[in-house]
Amino acid sequence: MRNKRIALVGNPNSGKTTFFNGLTGANQHVGNWPGVTVEKKEGKFTHEGKEYDVIDLPGIYSLGAFSEDEVVAMEYILSDDADVIINIIDASNIERNLYLTTQLLEMGKKIILALNMVDEAEKRNIKFDIDKLSELLNAPVIPTVAHKGRGQDQIMEAVLEVLDQDKAHDNPLIYSGVVAHHIDHMEEIFKDQDLNYSPRWTAIKIVEGDPAVRKMLSEANLSPEAQQAIDEFYKYHSSDNFELEIVDSRYAFANKVAEQGVIRPEVEVVTRSDKIDKILTNKYIGIPAFALIMLLAFQITFAIGEELLGGFAADLIEGLGVLVESLLISISAPDWLVAFVVDGAISGVGAVVEFVPLITVLYLLLGLLEDSGYMARAAYVWDDLMRSFGLQGKAFISMIIGFGCNVPGIMSARTLDSRKDRMITMLINPFMSCGAKLPIYSVFIAAFFPGKGGLVLFALYATGIIVALIMAKIFNNTLFKGEPSYFIMELPPYRLPIAKNVIRNMWNNVSGFIVRAGTIIFSVVTIMWFLAVVPGSVEPYSQYTLLGRIGTFLTPLFRPAGFGTWQESVALFAGIPAKEAVVGTLGMLYAGLYMEEGVQLVNAIQQHFTQLTAISYMVMVLLYTPCAAVLGIVAKETKSFKWPAFLAIYTFALGWVAAVVIYQVGSLLGFS
Amino acid sequence: MDKKLTDLREGNTGRVDKIVAGRGATKRLYEMGFNTGARIKIVKNDNGPVIVSLNGNKVALGRGLASKIVLGE
């Protein structure tokens, strides 16, 4: 027998992810919903010896056609795949969270309400009459504090109880007036139809004018009379604002529930959140505060990830190299194998793996920022400035997410309402320097700017933001004209980041990095190594090898930018499958070149670059063609190959121009 | 007397009377809690987006959008 399936539904910021992590622990996996790039999280949970599947639906405010997230959630709930729904409610924000609940009740599903973060509400002197709430909503209500595991057992008891019931309780929300008349009328029509979902719900959605449901019905097997009734309804009522009346009725119900079941203090408690906001959203301090937070984040990333821990990782890899080499020699392995493993695999992939501590700290800090509630403030303080570049504050969140990885950065553009905003946000995201580029910068920083790591990184990231904004403006005036979409965003209270969430998020990213090192980067380095040792008749790693000849052919292209050796040109192209391969390839090629001298990658780079060319190379890396995964996600999100091709070419051109300008102007001014 | 949300100062309150925006934007505002009669308190109103409080929970609104919300007493 299949496991019983529990779906989690709730608003963004309701603590749904924490709830999910609390239930499933490490036993979860992340994928995509079929056909779309909306993230799908599934996990397993065992209670009293029985295993349950838990499905985490995207965080949404409503179930309609507003966004892909909402459509995914609605279609999933309609599919009846879930046996029971746990609706996570932010206890401090009960009216708006109950708005979503009213729609779940309309769908006639078995639901349990988890009144989450009750501790936070208690701090604000908000009290609850749980029995009353449960009675009014006609569903079990359980107070919970997900990150402490409070209420989890009671939730599972309620789940077992609800699973035993034949059907869901009746919906306690009753519409009135003209809207009710139309809903009743439609329901009568749908009752005789062969529909997979409740006639009542379908009727409400038709009167509400939900385009997603209309589309679903046009694909359903409706009788011509029923189809005609729908068409006529829209013909005569297109200018009536029934949808607003329906929202008002749902809110009236939510307000009634809150009035009777929630006791609020006379005077609102001024929270610590309010005090922090006074500073971080101040019109003068807001943006400098943001810059300071980012600068601090990069300083810490570098100080801990590179200077404190980086050495250990490097020593570890080096030790491993020596060990493996002597092992291979002792079993008298053939020379080519020793060369491949030591110069190719260990120097190449090792050069990437050395940066695991750095990446770990970066993702840890980005995760802390994300979990703290600061991101919404960053969007707020940047809204004005973003508007002058033709975008809006929410687009800035996609940009910050891009600092970790451009793929989720681009996916998050989905939360924007207009196509114009989405397209521009996707096309500029690659200028947000991602974690995979960090190893490249750190090698050059170690070679030429020791001790100034945080500052150099900050300058690079800031350059990325500036270029992104300028390109946004240009796109806004050329390819995608129009006003930026409207900005509406919840500012959740600041919360102490929850260790479990931050660590899980960090681990997902770091393990992704390690997996890439073992797969894509290993493959790229292997191919590069192979090309660098054939034909066997020439000196390996020299310009006479196949790779050397390809590089030599490409070199004139990059000479105006100052990096004139074939190794450097080849490494840039190796970075297109995955950015880490730039360092991997350089590490492999230089290790081969300086084999006998035992020269480290950093020393090799010092011999091949100058301060000026190091800068032009880093800027090229910052701006040029993003990795294959990014191009792939752009193709998927835009459903076209035209846009990723455009992205690949324009970023390359831009990176090249910037690197050339830096080198040429720098040389003229006498820098080297 | 009806006022635009952007005309109110910090600390003032009002109730949503109507929203004069496009259909999609209006519905989203309603769904986010700016429905008829909702009580709104202005938390911040200077040159950037407006921050309002709905039952003690903060929402930021772009100025353009905020000016389309008409408040009554």
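User: What is the bridge partner of A:His29 in S3(A)?

Analyst: In this predicted model, A:His29 is bridged to A:Glu42 in S3(A). That bridge sits in the pairing of S2(A) with strand S3 (residues 39-47) of chain A, which is antiparallel and has 5 bridges.

User: How do you know that S2(A) and S3(A) count as paired?

Analyst: Pairing takes at least two bridges, and S2(A) and S3(A) have 5. So the label holds, going by that cut-off of at least two.

User: Which helices pack on that sheet?

Analyst: Helix H1 (residues 16-24) of chain A is one of them, touching S1, S2, S3, S4, S5 and S6 of chain A. The direction of H1 makes about 40° with that of S3(A). Helix H5 (residues 130-137) of chain A packs on the sheet too, touching S6 and S8 of chain A, and its direction makes about 150° with that of S8(A).

User: What makes S2 and S8 of chain A edge strands?

Analyst: The order is S2-S3-S4-S1-S5-S6-S8 in chain A, an open sheet of 7 strands with mixed pairing. Strand S2 (28-32) and strand S8 (141-143) each have a single partner strand, so one side of each is left without a neighbour in the sheet.

User: Which strands sit at the edges of the open sheet that has S10(A) and S1(B) in its order?

Analyst: That sheet has 7 strands in the order S10(A)-S5(B)-S4(B)-S3(B)-S2(B)-S6(B)-S1(B), with antiparallel pairing. Its edges are strand S10 (488-491) of chain A and strand S1 (3-4) of chain B, each pairing on one side only. Helix H17 (residues 374-388) of chain A packs on this sheet, touching S10 of chain A plus S3, S4 and S5 of chain B, and its direction makes about 140° with that of S10(A).

User: How do you know that S1(B) really pairs with S6(B)?

Analyst: S1(B) and strand S6 (residues 69-72) of chain B run antiparallel and are joined by 2 bridges. The requirement is at least two, so 2 bridges meet it. Within this pair, B:Lys4 stands opposite B:Val70.

User: What joins S3(B) to S4(B)?

Analyst: A hairpin, running through 5 residues. S3(B) and S4(B) are antiparallel with 4 bridges, and B:Lys41 stands opposite B:Ser53. S3(B) also takes 3 antiparallel bridges from strand S2 (residues 13-19) of chain B, where B:Arg15 faces B:Arg39.

User: Why are H13(A) and H16(A) called roughly antiparallel?

Analyst: Helix H13 (residues 286-308) and helix H16 (residues 356-372) of chain A cross at roughly 150°, with axes that come within 8 Å. Angles over 145 degrees count as roughly antiparallel, so that's the name H13(A) and H16(A) get. Their crossing is right-handed. The contact has 13 nonpolar, 2 polar and 1 charged residues; among them are A:Phe298 and A:Phe302 in H13(A), and A:Leu362 and A:Leu365 in H16(A).

User: Why are H21(A) and H22(A) called oblique, then?

Analyst: Helix H21 (residues 438-448) and helix H22 (residues 453-477) of chain A cross at roughly 130°. Perpendicular ends at 115 and antiparallel starts over 145, so H21(A) and H22(A) land in the oblique class. The residues in contact split into 7 nonpolar, 1 polar and no charged, including A:Tyr441 in H21(A) and A:Leu457 in H22(A).

User: What makes H20(A) oblique to H31(A)?

Analyst: Helix H20 (residues 419-428) and helix H31 (residues 642-668) of chain A pack at about 45°, axes 10 Å apart. Parallel needs under 35 and perpendicular starts at 65, so H20(A) is oblique to H31(A). The crossing is right-handed. This contact has 7 nonpolar, no polar and 1 charged residues, and A:Arg419 and A:Trp643 are among those that meet.

User: How many residues does each chain bring to the contact between B and A?

Analyst: Chain B gives 30 and chain A gives 37. The buried area is about 3100 Å², with 51% of that from carbon and sulfur atoms. In chain B, B:Arg28, B:Glu31 and B:Lys58 lose the most area to chain A, together 22% of what that side buries.

How values were computed: Residues are numbered from 1 along each chain as its sequence is written. Chains are lettered from A and ligands numbered from 1 in the order in which they are written. This is a predicted model: local features need pLDDT of at least 70, side-chain atom pairs count only at pLDDT 80 or more; totals for chains, interfaces and linings use all residues. Side-chain values use heavy atoms; hydrogens and water are left out. Axes are lines fitted to C-alpha atoms, for helices over the stretch in contact, and angles run from 0 to 180 degrees between N-to-C directions. Contact means heavy atoms within 4.5 Å. Ala, Val, Leu, Ile, Met, Phe, Trp, Tyr, Cys and Pro count as nonpolar, Asp, Glu, Lys and Arg as charged, and the others, Gly among them, as polar. A crossing is left-handed if the near helix is turned anticlockwise from the far one by less than a right angle, and right-handed if clockwise. Buried area is the accessible area (1.4 Å probe) that two parts lose on being put together, summed over both.
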